[in-house]
Amino acid sequence: MFSEYHLNGIFDEMFEAAGEPRGHYRSVYTRLAALSNDAFQRRRRMADLSFKNQGITFTVYSDTTGVEKIFPFDLIPRIVPSNEWETIEKGLSQRLMALNAFCRDVYHEQRILREKIIPAELIYSAKMFRREMLGLQVPRDIYIHICGTDLIRDKTGQYLVLEDNGRTPSGVSYVLENRAVMKRVFPVLFGAYRVRGIEDYPHNLLHCLQNVAPQAREDPTVVILTPGIYNSAYFEHSFLARQMGVELVEGRDLIVDNNSVYMRTVAGLRKVDVIYRRVDDDFLDPLTFRPDSSLGVPGLMNAYRCGNVALVNAVGTGVADDKAIYPYVPDMIRFYLNEEPILNNVPTYICSRESDRKYVLEHLHELVVKSTNESGGYGMLMGHQSTSAERAKFAEMIKKDPRNFIAQPIVELSQHPSLIDDRFEGRRIDLRPYLLSFGDKVVVMPGGLTRVALRRGSLVVNSSQGGGSKDTWVLEEDGESPPLLQPELVPEGVTV
Amino acid sequence: MLLKIIHETDLSYTAPIDETVMELRMAPRQEQDQHRLSFRLAIGPATPVTGYFDWLGNLVHSFTINAYHERIRIVATSVVQTHRALSDATALPDRWPLAFDDLDYAVRDFLRFGVSVVESPALRELADSLLATPGMPLGELAMAMVRLIDERFTYEKGVTHAASPIAEILEHRRGVCQDFTHLMIGLGRTLGIPARYVSGFLHPEGELYRGYAQTHAWCELYFPSFGWVGFDPTNKCMITSHFVRVAVGREYRDVPPNRGMFKGDGKEGISVAVQSEELPGVPGGLPAERIEGIGIRTMNGQNGSCHDPGTQDQIQQQQQQ
């Protein structure tokens, strides 16, 4: 099944050269190469069924055919040796410490603006800069408690940070489910490697949430605030609530009374200490933000300001993941931590800078243009695959509102074998690890969501754009993979 | 000038409502040229009130009422001493245009257009008709704006409402002080002069001024040599000791005297009255700040438990006339 596998001249995660797997992939390669197509398809059906039964789905907003889809799962695991992971872990922790310091600073002293490290104009023109947060004290000075940072690898295999998702990153439920399914479908292969566990994530998340509870309450009440069943990540909201044993609530389930937040229960009102909110800032409190929002809780910001409830993530963190502010993250690391960045950024042109804009407009055909405040792969131009009409449209949009756009050279993402029909083909991937901030330290989940651009030649991995995902194995050790002692078995009694 | 101001707001509903959440910006600001000697806030139905400063330095009072009620009464009583130092902006040395790079970035934030103060060709055209020339004293330009608005626009109630953007007054040429203020802010920003909205009170003194029976609004422009300087386009003048500053913001939405939400299906009515008087001297025994309850009954609802809360609605804001 590897016979027609092409390396495509980019970085391949599994192969060093044609037919030569990297050390840490050898056992996987041997196992996969030995499996018949039938055996493989059988496992695939098992996995699909498992996802379907558990209702692991997502929503594509522009799709009119149906509300929910299964997030395509790719059976071939991605493997990260421990030495590589160590660098990633350090780099990501460093980055999140700096991003938190940045949020604290822009909403208080604004040293980084006064010292002109970042142009104040850029911050004050950011859509997600929340003036209401100026001077507001947040518990333990943590703004981004939960971060999902997107990493990619370039042609040389260097890990680069593509974006920091510091608002309400989603996808962690898929990571946990993918792992559970892999263990069931490839038990022997999984057992042969010493893969670092990720199952403690819900436990760590709960601690991270409890950590910011007001007045050091002993058994704080934590809830997850969801926009509701029509949200694309509703599955995840309910999944995490179940995993942590906390209530899943909607805005109408909460009420503010005398600056405290309460949850309506059959037994009366119950005080809420921490809200893991999966509702965007704009919709969180109709009194402060969009008055037409029915997803939020009127008066919530007042309770927050009084320190009677913690919001996770804090309001206003979008200023740290604005794509035009992202190019300054390395400067933030130097400024706040006095360290050199461990992970590099992708070079970025800021269209509101005149010289950058000129360059971008002249090189649209070889750049990726992104809207600074969109996520999920919406509002994007892939220059090399675009038509001249699309480029003209983007050129107009850039000229009209330069602050809203950045551009980056097209990074040739690394590829990884995926099962496409009945054989393996290389497909582009990225990696979104999940980070939890406790203020003085950051806990990085060993692994993350490896997203796959399942369309041939595509560089867009977002689930909304036809992406899938695969399990990510971070190893306890480096180097060679272990020998396989027994043949892979499909558990008996399973008909698929 | 020593002023006592009583600001009464009455909200009434045709059917009982519940879960009122409200924010008030009614307390005069403490500033170099204006001292709030006393502030009393009475609210009914009686409920606890918390105060905080918003990001613009305005004192905000917030409260919730979680029991059925048919009306809300808010009475804010202030005693304020005003002493405006500047009477003639044309005497200031500042000249147009202002050097953008020399302005502090926090001040430059007041150059940004917003939701009510929207950039448009009509606004640009109006700004062009001021014929601003480089080197012109900023104070003269400001007074020219005030005169222009007075000449071209008519003061008339009922044409616009609290949420009207300036596109409406530019089209109808009629509006109230809130519209005039937004218009002047728009002119300032179009010409690169930081401009902000002031919500406050105006002591009429023999009905010398328009807009006195309710809360008033005017505009401040930024003069680098002095700071913020107030102009009232509705009364075609600079602000004097008759004006009491309550809240400042980028535009009306930053400073409404009352803003709230409630649940229920009752129709809402709002009535606002402002009375002011000049005091001969500071009365004894004034409380610096006092919050009081007004005895308005709430009905025996289930006090926030699991009843159907009805639809969520916004409480009407007072338009500043």
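This is a predicted model: local features need pLDDT of at least 70, side-chain atom pairs count only at pLDDT 80 or more; totals for chains, interfaces and linings use all residues.

Entry one, a helix pair in chain B. On the α2(B) side I found Leu123(B), Arg124(B), Leu126(B) and Ala127(B), which meet Leu183(B), Gly186(B), Leu187(B) and Thr190(B) of α5(B). Sorting the residues of this contact, I got 5 nonpolar, 2 polar and 1 charged.

Next I checked the geometry. Helix α2 of chain B covers residues 121–128 and helix α5 of chain B covers residues 177–190; their axes come within 9 Å and cross at roughly 75°. An angle of 65 to 115 degrees counts as roughly perpendicular, so I noted α2(B) and α5(B) as roughly perpendicular to each other.

Entry two, the domains of chain B. I looked up the division and found two pieces for domain 1, 2–82 and 256–315, while domain 2 runs over 89–253. Taken over C-alpha atoms, the centres of these domains of chain B are separated by 27 Å. To their contact, domain 1 of chain B gives 25 residues and domain 2 of chain B gives 24 residues.

Helix α6 of chain A spans residues 172–185, 14 residues in total. From first C-alpha to last I read 20 Å, close to the 20 Å expected at 1.5 Å a residue.

How many residues of α6(A) are buried? I noted 11 of the 14, so α6(A) is largely enclosed by the rest of the structure. Among the buried residues I listed Val172(A), Tyr174(A), Leu176(A), Glu177(A), Arg179(A), Met182(A) and Val185(A).

How values were computed: Residues are numbered from 1 along each chain as its sequence is written. Chains are lettered from A and ligands numbered from 1 in the order in which they are written. Side-chain values use heavy atoms; hydrogens and water are left out. Helices (H or I, at least four residues) and strands (E, at least two) are DSSP runs, numbered from the N terminus. The expected span of a helix is 1.5 Å times one less than its number of residues. Buried means under 20% relative accessible area, exposed over 50%, partly exposed in between (1.4 Å probe, protein chains only). Axes are lines fitted to C-alpha atoms, for helices over the stretch in contact, and angles run from 0 to 180 degrees between N-to-C directions. Angles under 35 degrees count as roughly parallel, over 145 as roughly antiparallel, 65 to 115 as roughly perpendicular and the rest as oblique. Contact means heavy atoms within 4.5 Å. Ala, Val, Leu, Ile, Met, Phe, Trp, Tyr, Cys and Pro count as nonpolar, Asp, Glu, Lys and Arg as charged, and the others, Gly among them, as polar. Domain bounds come from an automatic or database domain assignment.
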